[in-house]
Amino acid sequence: MENEQRSGPVTEGEDLIKAKGITKRFGDILANNNVDLVIRQGEIHALLGENGAGKSTLVKILYGVLEPGAGEILWKGKRVSIPNPATARKLGVGMVFQHFSLFEALSVVENIALAMPKSEKIKALSKRITEVSQKYGLPLDPAALVADLPVGIRQRIEIVRCLLQNPSLIIMDEPTSVLTPQEADQLFVTLQRLASEGCAILYISHRLEEVKKICHNATIMRHGRVMGGCDPAVETPASLARMMVGSDVHDISTGATEVRQGDVMLRLRNLSIPSDGAFGIELKDVNLDLRGGEIVAVAGIAANGQSELFDAISGETQVRDAYAVEICGVPVGKRKVNDRRLLGAAFVPEERLGHGAVPGFVLSENILLTRYKTEPSLIRHGMLNQKLATEIEKRITVSYDVRMSHENPEARSLSGGNLQKFVVGRELDRVPKVLVINQPTWGVDAGAAALIRQAIIDLARGGSAVLVISQDLDEIYEISDRIAVIARGDLSMAEPASAMTREKVGLLMAGMGESKSASMALNAGETHAH
Amino acid sequence: MSDLSMIEAVLLTIITASTPLLLAAIGELVVERSGVLNLGVEGMMIVGAVMGFAATQATGSPYIGIVAAMISGVAMSLLFGFLTLNLMSNQVATGLALTILGLGLSGMVGEAFIGQPGISLKPIAIPVLSVIPFIGPLLFNQDVLVYASYGLVIAVYFVLFKSRTGLIIRAVGDNHGSAHSLGYSVIQVRYLAVMFGGACSGLAGAYLSLIYTPQWVEGMTAGRGWIALALVVFASWRPARVLIGAYLFGAVSILQFHAQASGIGLPTQLMSALPYLATIIVLIIISRNKTLAKVNTPACLGKPFVPDR
């Protein structure tokens, strides 16, 4: 993507949609407070804001999923009411949801047929899907079953579904959060092509770099209000973040530049796991030494073995060779999760709701679930010590700034960022000797991400060993001391972050490190202490 | 009696035993495909049976009886729909309550009819086809409800899998949140499906009190509603498999009677358990493909739909 392609703020386009004084209240919370928004034809317009700033509420109102309490919407200068999504689609508004609104049990073409205004023969529709998807570089097999498709392709279905309705405005809610960098670049090409054809795009994203890259205009929201607009091209990610958060996002201090190397706390030796099922990844001879005081990051494109690696270290998957995984010098390959926790390890899985926390349990109960073994006082004579659990819950929610509507709520009632802070805080509160954390800041706003990253760094500087599995390269470079790359189940050697250029990481991510010659070419001119 | 006519007689009783199961199950299949679990099939069925019988006695026409049975089945299902779809009550508990209510209600209404001889529904011979030897009487000299049951299987298959209406029903059953955000009325679709299920259960009840044994006997459904429910699940929500399952169950339950009569040295209890065993085994074998089973199972089955705020 060349920056020159961006054409600056679009001023010549007509106003396509104008929202004036939109107000929406949920109970005591004013989710949208007198919000104004103008989108012109042919512009890519960013909607920025932290989690809970009211972006989703606003776009749901524009798409007719929610009805505004007050305010009006002008479409091409005419006042309209959008009582339901069907009306929105008739006007020419399409939406790609963050959490896909697809039907897993149905085929691609059936999913799309459901969104089309009137009955069209499945055969004819399949043909149109193929045409449109080819035209915009989003190849799709209309007959494929959605349940069998990876997330990147699922997003394509949503986009093609929008495009088939010839929309004048496409709303995209965090479209790149599920994509690899390459897939994201492909998407940007599609978006720019659409904008050049006169279609407006309302783009919601946390990734300020990409907003800067592709958006012509931006509207910033905070606490349900519009804080103003700007041209992202002339801003920096830091200044954008400042506008979103309302204050400077704390720069992360990495502490001492010289990492004091401690003992090996986590050792992987020829860890191999066959893949389970057609979509699983086989881990091949993974080796890693993780020392106290350091943060090692595992970079890689989604679904290249990260979850398999995490499960093998955490003990959700056990391996035949006990010595394949050692925690603090103890071979634990055959031991279960709690045994590994007892040795001082802590694990934060990728999926916070459902895996990291039980949605319907209150926070104190979720604390009990991961800590009843490591803290014997949480169980008294076989009974739960709810009082202690609640005390821990208070401690965590205060020190990790978990915002909630009332004391000790159900996990599912927290927003994504706040739940992530809780799940991370729950483990860090134990001050584990080994922390393994998968996607620490996925879908988390800038403020919360900074807090979590700082907490991880502080833990490592206190002498613990931290393994971070992440797909966010900015994050990896921000916090890690050494970087390894996982590609198709192969883990490259962890090398100092300063020696790993983005190009090198990119090549390794694409699996180029597998062949000897490639890795030799990469290593040429660099010296390593083996 | 020649061997052939003996076989023919047995096959005729198999059709009679299978039809009520098929009618009730094909209706419940549509209900469950829309994401609603109505365990009240037995209750709707027996109310259909007694109301069908009562209307027939009052008017002298079994056809009016059939219509009355359908209407009463729909009425029961509307009660279920109101409780579960509008008031969000628990579908399992409400379905059980509907069955208990139906059994009690039918006993009360039916008290006056106990022992009365009923008016049986006459078969309709299809000209030309019905005189074909052997298969003519079997397939083309049946009553209207048997024809209806075949028609329903075909119709349900085409509507569910070939039409837009069916696509919407399956979509609502698979992911009601997405269906809602696409602008479909989840509640309305489910109401219509639940009513269809009620009508089919009513038909199944009418079959019992107008054809199977043309009289009113308290509790005459004898658990057939539950078998229909189980058939839907074991058939992994596929219409053709429901047809196979219903006929298999009907066939084995009739054949084991004949086997008992002919003095096979097996305990009668085991023989009576055979239809259940045979049906479950066969349907499990048919639906053994795990991915397909997952795709066929309505993901929202039994989950109440609460629209976004």
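The side chains of Arg40(A) and Asp15(A) form a salt bridge at 3.8 Å, N to O, a salt bridge being a side-chain nitrogen of Lys or Arg within 4 Å of a carboxyl oxygen of Asp or Glu. Arg40(A) belongs to strand E2 (residues 29-40) of chain A and Asp15(A) to strand E1 (residues 15-26) of chain A, so the pair ties together parts that are 25 residues apart in sequence. This is a predicted model, in which local features need pLDDT of at least 70 and side-chain atom pairs count only at pLDDT 80 or more, while totals for chains, interfaces and linings use all residues. Residues are numbered from 1 along each chain as its sequence is written, chains are lettered from A in the order in which they are written, and side-chain values use heavy atoms, with hydrogens and water left out.

**Salt bridges**
- Over all chains, a search of the whole structure finds 24 salt bridges.
- One salt bridge is counted between chain A and chain B.
- Arg170(B) and Glu110(A) meet through their side chains in a salt bridge of 2.8 Å, N to O.

**Interface of chain A and chain B**
- Contact (heavy atoms within 4.5 Å) links 25 residues of chain A with 17 residues of chain B.
- The buried area, meaning the accessible area (1.4 Å probe) that two parts lose on being put together, summed over both, is about 1800 Å², and carbon and sulfur atoms give 60% of it.
- Phe103(A), Ala105(A) and Leu114(A) supply 31% of the area that chain A buries against chain B, more than any other three residues.
- Eight residue pairs, both at pLDDT 80 or more, are in polar contact across the interface; the criterion is a pair of N or O atoms within 3.5 Å, where within protein one must be able to donate a hydrogen and the other to accept it, and residues adjacent in sequence count only if both atoms are side-chain atoms.
- Helix H2 (85-91) and helix H3 (108-115) of chain A each supply at least two residues of the side of chain A that touches chain B; helices are DSSP runs (H or I, at least four residues) and strands are DSSP runs (E, at least two), numbered from the N terminus.
- H3(A) gives the most to this side, with four residues.
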